[in-house]
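Please look through the structure shown below before reading the report that accompanies it.

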Amino acid sequence: MRDAEPKAIHLADYRPPDWLVEKVDLDFALHPSQTRVTARLALRRNPKGAAGAPVVLEGDDLTLVRLAIDGTPLAGSSFEATGNRLTLAHPPADAFLLEIETLVDPTANTQLMGLYRTSGNYCTQCEPEGFRRITYYPDRPDVLSVFTTRIEADKQEAPILLGNGNLVESGQVPGTSRHYAVWHDPWPKPSYLFALVGGRLAKVADSFVTASGRKVELGIYVEEGKEARAGYAMDSLKRSMRWDEEAFGREYDLDVFNIVAVSDFNMGAMENKGLNVFNDKYVLASPETATDADYSGIEGVIAHEYFHNWTGNRITCRDWFQLCLKEGLTVFRDQEFSSDQRSRPVKRIADVRMLKAAQFTEDAGPLAHPVRPETYREINNFYTATVYEKGAEVVRMLKTLLGEEGFRKGMDLYFERHDGEAATIEDFVSSFADATGRDLSQFSLWYAQSGTPVLNVSGTYDEAAGTYRLDISQSVPPTPGQPEKKPMVIPLALGLVGPDGRDQPLMLGNTPVERGVVEVKEATQSFLFTGLDARPVPSLNRGFSAPVNLVSDLTEADRVFLAAHDADPFNRFDALQRIALELLKTGARTGTLPAPDALVTAARAILADPALDAAFKAQALALPGEGEVARELAREVDPDAVFAARKALRVTLGTTLAEGFTAAYAAGAASGAFSPDAASAGRRALRNLALDYLAVTGSADGIARAKAQFEAADNMTDRITALAVLAQHDVPEREAALDAFYRRFERDALVIDKWFTLQAQIASPTTLDRVKDLMLHPAFSLANPNRVRALVGAFAAANPTQFNRADGEGHAFVAEVVLTLDSKNPQVAARLLASFKTFRQLEPARRGHAEQALRRIAETPGLSPDVADIATRSLA
Ligand code: 0A1
Ligand code: ZN
C-alpha cells in the first residue's frame with residue numbers, strides 16, 4: 001500500500017540522491033502468484049548527497065524475505081521496512097553490496113504497474129514509479145545504473161524470456177522443467193526503464209543495419225497467430241531507425257531491439273531500453289481490422305518509442321518535473337517523422353486539431369498546469385496533453401525561432417553535453433542558447449506559465465504610405481496557482497496576401513522578415529510592414545507557429561479569400577474552420593444558425609479545387625467538433641444546443657453541396673488492392689466524409705448508400721465509417737449492421753473496441769442505457785484498460801450531449817464507474833475522471849450535476865492518490 005495522503009512534491013525541493021547504485025543484478029524466478037526477486041545493489045554514497053544520510057529505498061506492496069549486506073544476512077534491528085520504504089539508518093560503509101529478496105504477486109496486480117500478467121504472460125511497467133513494486137530501490141530517474149537481469153521460468157509456461165539490453169546467456173536449469181535467460185544492458189539507466197517479459201509469444205524477426213554498419217536484430221513479439229498483423233509495425237520501426245539517423249544523426253546502440261505487444265496496458269506504449277512494451281492496439285494491423293487512423297497511430301507510436309532511445313533513455317530526466325524534457329521533445333520528433341513520411345500540411349492539421357481538442361481544453365479548465373509543473377501529488381496524473389502536446393509545440397517554436405540550422409546545432413550540443421545524464425529543461429534550453437548565441441530566458445516562460453495565450457491582432461492599411469500596421473496585444477488567462485502572467489515570446493509566422501492571392505513582400509522598414517516570422521514579445525506591440533501597393537489580407541500564425549488563441553479583426557470575406565488563396569495550407573484550412581466556428585457559436589447561443597453562404601462558397605471551392613489533395617479536403621470540410629465549439633463559447637454551454645447547431649450546419653452543407661459530395665464519393669472509389677499509404681488513406685477519408693454528408697439527413701438513399709458500403713467494404717476504414725454513419729440514425733439498418741459487425745469480429749477484441757466506442761458515441765437519450773447494458777456484455781471487462789476506454793472513456797470524452805445529460809445521469813454513471821474501477825486500476829480510473837475537466841463551462845444545471853458527481857467521489861473514503869488528486873484539483 002502507498003501513503004494514504006500523499007504529500008505535495010515541489011520542484012524547488014529537489015536534492016541529489018544520497019546514494020547511487022553502481023550496478024544492479026536482478027534475479028527473477030517467475031511464478032504466477034509468488035515471483036521471487038533477488039536484487040543485488042552495489043550502493044555507493046553520493047559525494048553530492050547529504051553527509052551521513054541513511055539509505056532509503058522506495059517500495060510498494062512488497063513482501064520482504066531476506067536482506068544481506070556483503071553476503072551477511074541482516075538482523076531485523078538494523079533496518080526498517082514498511083510498505084513504502086526500506087531504511088538502513090546506519091549503513092556499514094560508503095560502498096557495499098545490498099542483497100534484497102522480495103516476493104511479488106503478478107496475478108494479483110490489477111494496477112498493471114510493476115510486474116503483472118496479461119493473457120497469461122508476464123510483463124512489467126515501471127514508469128514512473130512501478131519499479132518499487134518489484135524490489136526496494138532508489139526509484140527516481142536520476143539514479144542511473146547498469147542492469148543485469150536473470151529470468152527463470154517454467155519452460156512450458158514461458159518459453160520466451162526477454163530483458164533489457166543484449167542476451168548474454170540462456171539455458172536449462174538442470175533437473176527441472178525450468179529454463180533461464182540472462183540479459184545485460186551496458187547503458188546506465190534509471191529504474192523506470194527496466195523491463196522484462198516472459199511468456200508464450202510468437203516472434204516476427206527482421207534486421208537493420210545502422211549507418212555505421214552495425215547489424216541490429218529486430219523482434220516484434222505478439223500473441224501466437226497474430227504474426228501476420230505485425231508487418232506494418234516492423235516496417236514503421238525500420239523507417240524510424242533510418243529517419244533518426246538522417247534527421248538527427250542518432251544511431252541505435254544495442255545488438256537487439258525488441259517490441260512486445262500486450263493486450264492489457266495502461267497507456268500507449270513504453271520505451272524500456274531495448275525492450276519496448278506496447279499496447280497491442282499500436283502494433284497489430286491488417287486491412288480487415290485496422291483503420292487508416294490505426295495505421296498512422298502505429299507508425300507514430302512505434303516511432304515515438306524508438307526515438308525515446310536518445311531522447312529519454314540516453315539522456316533521461318533528472319526528476320519527474322522534467323517529464324516534458326523527454327515527452328515534448330519525443331512527440332515533436334515523432335510528429336516530424338510522420339510529416340516526412342506523409343503529407344506535412346495534413347499532419348500539421350491533424351496535430352493541431354488534437355492539440356486544441358485535448359490541450360487547449362485542459363489549459364482552460366481546473367486541471368491546467370505548466371508544461372513543466374512545479375508541484376504534484378501524483379505523478380501518474382501528469383502524463384497529460386500539456387506535457388506531451390504543448391511540450392512538443394514548445395520545441396517546435398524553438399525551431400521556428402532559431403531556424404533549421406540553429407535548431408540542429410542546439411540538438412547536437414544537447415546530445416553532446418548530456419549523453420549519459422539525467423538532465424533538466426534548463427540544460428535543454430541552454431544548449432540552444434549556447435549553440436546559437438540567443439537569449440532564451442523569456443522563451444523559457446513557455447515551460448513555466450500555464451494557460452493558452454490570447455493574441456489580439458488588428459491591421460491598418462495606409463494607402464498613401466503603402467504600409468500595413470499590425471497592432472498586437474497578448475495576454476495569458478489566469479490558471480490554477482497563477483493569477484498573473486508575464487508576456488511570452490510568440491513566434492508568429494505570417495504572410496500578407498495581396499488581392500491577386502499572392503504573398504506580397506514582407507518587409508519591416510527595409511529589412512525582409514526572416515523566414516516570415518516576427519517575434520511578439522511585449523504585452524502590446526506594433527509591426528509596420530512597408531512596400532505594399534494594395535491592402536493585404538494578413539495570414540496570421542501560419543502553420544500554427546504558436547499554440548495561441550488568435551483573435552483578429554478579419555472579416556468573413558477575408559476568410560473566404562484566405563480559404564481560397566492562402567499560400568499556407570494550414571491557414572486555408574483554418575480560415576474555413578473559423579468561418580464555421582463563428583456560425584456554430586452564434587447558432588448554439590441563439591438557437592438560430594446565421595446564413596451560411598460564405599461557408600458554402602468557401603467549402604464548394606475547396607471541394608472542387610483539383611490542386612488540393614483529398615486528405616486536405618477531408619480535414620478542411622470536417623466541421624469543428626462539439627468540444628471545440630464548447631471551448632470557444634467558454635461559458636454557459638448547453639451541449640444540446642451545440643449539437644443542434646452543428647447538426648443543422650452539417651445538414652446545410654450536405655444538402656447544398658450534395659452534387660460535389662456525390663462526385664467526391666464516386667471519385668474516391670478504391671481501385672486495386674488496399675494500401676495504408678497516406679494518399680490512399682486521404683482518398684478514403686474524403687470519400688467517407690462525403691458519405692457522412694450525403695446521409696446526414698437520414699434520407700433513404702443516404703442510409704442505403706451507407707448500408708451498401710458497410711456490406712461491400714474490403715477494409716476497416718470503409719466498414720467502420722459506414723457503420724458510424726448508420727449508428728447516428730435511428731433506423732432499422734442500424735441494429736442490423738451493429739449485430740452483423742459484432743458477429744463478424746467477435747473474436748477480435750481490438751475490433752470490438754471500435755464497436756463499443758461507436759455505440760457509446762451515439763447522441764441519443766437511449767445511449768446511457770445502451771452503455772450500461774454493454775458493460776454487462778461478455779466482451780466487456782473492467783480489468784482491461786482498452787475496453788474501459790473504448791466504452792466508458794468514449795462516452796465521457798466523446799459524447800458531450802449524453803455525458804452531460806440535463807438530468808445529471810451521465811455524470812453520475814461515469815462517477816460510479818470511476819469509483820468501482822479505482823480499487824482495481826487507479827490510473828485508468830483517474831484518467832476517466834479527468835473527463836470532467838470541462839464541467840465549469842457548462843450551464844448552471846449541468847454544472848451542478850457534474851460538481852455533485854465530483855463531490856461524491858471526493859468524499860468517498862479510501863480513494864487512490866490518483867483519483868483523489870484529480871477530484872481535488874477539479875473542485876478547487
Ligand atoms: N513513456 C511512455 C508513456 C507511459 C507512461 C506511463 C506508463 O505507465 C503505465 C506507460 C507509458 C511514452 O511516452 O510513450
Ligand atoms: Zn513518450
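The report below takes up the ligand surroundings, a sheet and a pair of helices in turn.

## Surroundings of ligand 1

This is a predicted model, and the description of the ligand shell should be read with that in mind. Ligand 1 is surrounded by a run of residues made up of Asn266, Met267, Gly268, Ala269, Met270 and Glu271, together with Gln125, Glu127, His304, Glu305, Glu327 and Tyr383. Two elements, β20 (269-270) and α2 (292-307), each give two or more residues to this shell.

By class, the shell around ligand 1 divides into four nonpolar, four polar and four charged residues.

## The five-stranded sheet

Strand β20 also belongs to an open sheet of five strands, whose order is β17-β18-β19-β21-β20 and whose pairing is mixed. Because β17 (202-209) and β20 stand at the edges and each has a single partner strand, one side of each is left without a neighbour in the sheet.

Within this sheet, strand β19 (residues 256-262) pairs with strand β21 (residues 275-279) in the parallel sense, over five bridges. Val262 has Asn279 in β21 as its bridge partner.

## The packing of α11 and α15

Helix α11 (residues 614-621) packs with helix α15 (residues 678-695) at an angle of about 40°, and their axes are 7 Å apart. The crossing in which α11 passes α15 is left-handed.

On the α11 side, Ala614, Ala615, Lys617, Ala618 and Leu621 meet Ala678, Ala681, Gly682, Arg683, Ala685, Leu686 and Leu689 of α15. The contact of α11 with α15 has nine nonpolar residues, one polar residue and two charged residues.

Conventions:
Residues numbered from 1 in each chain as written. Chains lettered and ligands numbered in written order. Predicted model: local features only at pLDDT ≥ 70, side-chain atom pairs only at ≥ 80, totals over all residues. Near = placed C-beta within 6 Å. Helix = DSSP H or I, 4+ residues; strand = E, 2+ residues; numbered from the N terminus. Nonpolar A, V, L, I, M, F, W, Y, C, P; charged D, E, K, R; others polar. Axes fitted to C-alpha atoms, helices over the stretch in contact; angles between N-to-C directions. Left-handed = near helix turned anticlockwise from the far one by under 90°. Contact = placed C-beta atoms within 7 Å. Pairing = 2+ DSSP bridges.
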